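Visitor: I would like a guided walk through this model, please. Where shall we begin?

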Amino acid sequence: MSDKEVVVNGLSEDQAGQELKLPDLLNSDAVREIHANIEKEWDFLQRSACQTAAGRALWKHAIHDPLADLLAGETYLRNLHEKIKKDILNNARETSGVILAVRTLWFDSRLEDALNSTNGKEAQVVLLGAGMDTRAYRLSCLKDSDVFEVDFPQVLDVKTTILQAAKDSSYDSQHIMSKAKSLTRVAADIRESDWLEKLEIAGYLPEKSTVWILEGILYYLTQSHAMQVLRILANKCALIHTVLLADFMNKPSTTLSNSAFQFYSDWPDQLLPSIGFTHVKLSQIGDPDAHFGLLNDPLNLFNKLRSLPRSLQTNPDDGAPCCRLYLVEASGSPDQNASHNGPITQT
């Protein structure tokens with residue numbers, strides 16, 4: 001990027017004004033039919049996988065994800081592209097998709113740090129509600145890790161079919177080669193009681209250090225289902241070094257009109273230690289480790305929220321709900337459980 005190039009909320013003027021360019025493969029009959037079926041047959045939770053992929057695709061100047069366009073599909077790409085153009089035209093302080101971009105980069109950086117730590121060497125990585133995630137194809141830090149993607153069977157089938165279509169086409173083959181030591185897709189519903197058993201049958205080793213990724217999934221679950229999953233992971237801390245990377249919404253975020261979100265936690269940095277994690281670090285969008293140069297307007301919504309006490313449910317200045325997204329890294333191990341009298345939390 002040149003010194004003269006103006007950047008607005010993480011997007012340069014050139015990037016903001018670009019017309020949407022779709023990969024040729026998206027126009028093939030087979031892939032178009034797949035995405036048409038997604039529109040007709042998938043529910044809001046399943047479709048969120050394509051929305052997330054669209055965000056990664058259209059913030060490609062910040063996120064290197066060459067497969068995101070194919071997995072998102074034309075509908076979600078065009079919808080988000082129009083929102084971004086409108087935001088730029090209206091000089092919005094926050095550009096559509098920026099939360100998704102920051103969230104993706106935060107998970108990427110925390111995952112790499114976890115795998116580079118003393119306890120993280122050769123750790124397994126499990127993505128619960130993996131959707132259209134492509135970390136196994138784009139992150140070289142996974143080279144010594146067995147990666148497991150867990151999601152609904154129809155989501156994983158579609159993902160596999162699209163990636164196979166890319167392999168069979170003239171699409172750049174280097175983008176379709178897994179960088180992980182191994183990649184296994186596990187068809188399971190984490191709201192059911194058998195997902196962990198299915199994961200173990202697929203090759204997951206309970207006695208091996210594991211990084212668990214729950215990105216953009218917890219708040220779609222009911223309170224009981226979300227807590228069931230979190231307790232299962234927390235119990236792992238007593239057996240083996242365990243890392244959890246997850247994002248949490250606070251209550252105002254889930255009570256907006258037409259919200260599809262259910263589970264929330266206003267204080268995940270207190271919740272997680274209460275169920276067995278010993279180290280917890282919480283960040284908010286816009287914090288020094290959750291910024292990535294994409295939030296340049298000092299008056300953007302995220303900076304306003306960070307200046308207010310987390311206990312506030314509404315903004316005293318305008319009465320708007322304080323909708324927060326917390327990015328949380330938690331860990332625990334038998335050694336930590338034995339050596340610490342209480343949890344260590346950072347915010």
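Visitor: Happy to start with the interface: how much area do domain 1 and domain 2 bury between them?

Guide: Keep in mind that this is a predicted model. The domain assignment gives domain 1 as 14-88 and domain 2 as 96-330. Of the area lost between domain 1 and domain 2, 76% is on carbon and sulfur atoms. The total buried between domain 1 and domain 2 is about 2800 Å².

Visitor: Which residues of domain 1 lose the most area to domain 2?

Guide: Three residues lead on that side, and together they make up 22% of what the side buries. They are L45, L67 and L71.

Visitor: How far apart do the C-alpha centres of the two domains lie, and how many residues does each give to the contact?

Guide: The C-alpha centres of domain 1 and domain 2 are 20 Å apart. The contact draws on both sides, with 31 residues from domain 1 and 33 residues from domain 2.

Visitor: How many salt bridges are counted between domain 1 and domain 2, and how many residue pairs are in polar contact there?

Guide: The salt bridge count between the domains is one. For polar contacts across the interface, with both residues at pLDDT 80 or more, the number of residue pairs is four.

Visitor: Which helix gives the most to the side of domain 1 that touches domain 2?

Guide: Helices that each supply at least two residues to that side are α2 (29-41), α3 (44-58), α4 (68-72) and α5 (74-89). With eleven residues, the one that gives the most is α3.

Visitor: What is the N to O distance in the salt bridge of R138 and D65?

Guide: A salt bridge needs a side-chain nitrogen of Lys or Arg within 4 Å of a carboxyl oxygen of Asp or Glu. The side chains of R138 and D65 meet that rule, with an N to O distance of 3.8 Å.

Visitor: Is A62 buried, exposed or partly exposed?

Guide: A62 sits in the loop between α3 and α4. Leaving out residues up to four places away in sequence, A62 touches L105 and L294. Because its relative accessibility is 26%, and the middle class runs between 20% and 50%, A62 counts as partly exposed.

Visitor: Why is C322 in no disulfide?

Guide: A search of the whole structure finds zero disulfides. The nearest cysteine sulfur to that of C322 belongs to C323. A disulfide needs two cysteine sulfur atoms within 2.5 Å, so C322 is in none, its nearest cysteine sulfur being away by 7.8 Å.

Conventions. Residues numbered from 1 in each chain as written. Predicted model: local features only at pLDDT ≥ 70, side-chain atom pairs only at ≥ 80, totals over all residues. Heavy atoms only, no water. Domains from an automatic or database assignment. Contact = heavy atoms within 4.5 Å. Buried area = accessible area lost by both parts, 1.4 Å probe. Polar contact = N/O pair within 3.5 Å; in protein donor to acceptor, adjacent residues only side chain to side chain. Helix = DSSP H or I, 4+ residues; strand = E, 2+ residues; numbered from the N terminus. Buried < 20%, exposed > 50% of the residue type's maximum accessible area, 1.4 Å probe, protein only.
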